[in-house]
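Please keep the structure in view while reading.

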Amino acid sequence: MKRAYVYRNKSEEDGKLMAVENTIKDFKKEISLQFLVPEQNLKLYTGNGCEINDVRVIRDNEKVYLSSECDKTLTDCDKINQSIEKISVSDDKDREVSDWIKLNVGGKHFVTSRATLLAKEPLSMLARMFADNNNMYLMNPSATDETGAYLIDRSPEYFEPILNYLRHGEVILNKNVNPKGVLEEAVFYGLDSMIPQLNHLIEESMSQSGNNQSLTRMDVIRLVIMTPTTSELRFQGVNLAGADLNRLDLRHINFKYACLSRCNLSGANLSHCCLERADLSHANLEGAQLLGVKALCANMEGAILKGCNMEDPVGSRAVMEGVNLKGANLDGSNMAGVNLRVATLKNANLQNCDLRAAVLAGADLECCDLSGSDLHEANLRGANLKDAAFELMLTPLHMSQTIR
């Protein structure tokens, strides 16, 4: 809300700092209460003697003076009338109207026409500064520099889009201009029609910054095609959330720290990929090839890995040490020789999995369903097997496999 300094007369004695109300009637009512002046006789004047009939023309921190029609019951009537008579105006020479106006805003010069400042927002501060009456300015605009440019102590960076808006009516900001800064200037200059557009731009800017858009299937395919087979393709830290990458050949790609949450990777070939600390939560990897994959500390909570193949005929093992597979579905997957040391598989479905020679030492297998799985020579030492299901095992589980 705007504020104004309200004084009884030009001597600026007995002043009060007051909030400018929404309407001139409400503002006068509050002034009447503060200064004990009858509301019906109250008039407000600017520093140059112009009567104020609309609160929208009052600038923030502007000085406002009181006057009333002659009423002998008011002890300050004569003083108020005398103060209004003493309100000075600029010399005629300084108030001559020119069609072209030069402004010095924060040290930067701008040249524009008077029509530009008046046409779009006739009640704005700039319009009131340069409005004319009989070839004379209604207000004394401001002091001038040595070149005759009117001085305005505001940011030139934010003034330029405001001046352009007054020229063509469109809010166009350069990439490095903060719309919040322009909004503050628009409020200062009283450009009411510009404020909603700037608020919309600010909302769009905030939504775009908060929405880190993920790459699409076509983006990935284009990059795979353009990358030579001798070069490493990196998607480190890239957002691929929700992307449809099913049945793509993604071998040897670096997905470290990448976001693949809810990604469709069914039937994809991810052999020898780096998935270290990647987010694959609730992703669909059904039937995917994961030979020699490195997925240390990856998040695969709730992921679907049914029928995946992790056994490399050449002998390289899939390293999934410390991976989070809580609630994941690995039904029927070939996980022979996989390293799942200290992994979390709580409530995971490992039915009918081939886990021959797999390393599950220290893994959390609480409530895990291993029914029908092959755990021949698997290392389960130190694993948490609380409430785990081992029904219909292909090979009996030897006690030495589970003792640390």
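## The three-stranded sheet

In this predicted model, three strands form an open sheet with mixed pairing, in the order β6-β5-β7. Strands here are DSSP runs of E with at least two residues, helices are runs of H or I with at least four, and both are numbered from the N terminus. Two strands count as paired if DSSP finds at least two bridges between them. At the edges lie β6 (108-113) and β7 (150-152), each of which pairs on one side only. From one strand to the next, the twist averages 30°; axes are lines fitted to C-alpha atoms, for helices over the stretch in contact, and angles between N-to-C directions run from 0 to 180 degrees.

## Strand pairing and a packed helix

Six bridges join strand β5 (residues 100-105) to β6 in the antiparallel sense. Within this region, Asn 104 stands opposite His 109 in β6. Helix α5 (residues 156-168) packs on the sheet and touches β5 and β6, where contact means heavy atoms within 4.5 Å. The direction of α5 makes about 10° with that of β6.

## The chain as a whole

The chain contains eight helices and seven strands. Of its 404 residues, 43% are buried, that is, under 20% relative accessible area with a 1.4 Å probe, protein chains only. Among contacts with a separation of 6 or more, 34% involve residues 24 or more positions apart.

## Basis of the values

Residues are numbered from 1 along each chain as its sequence is written. Local features need pLDDT of at least 70 and side-chain atom pairs count only at pLDDT 80 or more, while totals for chains, interfaces and linings use all residues, and side-chain values use heavy atoms, leaving out hydrogens and water.

Note on methods: Buried means under 20% relative accessible area, exposed over 50%, partly exposed in between (1.4 Å probe, protein chains only).
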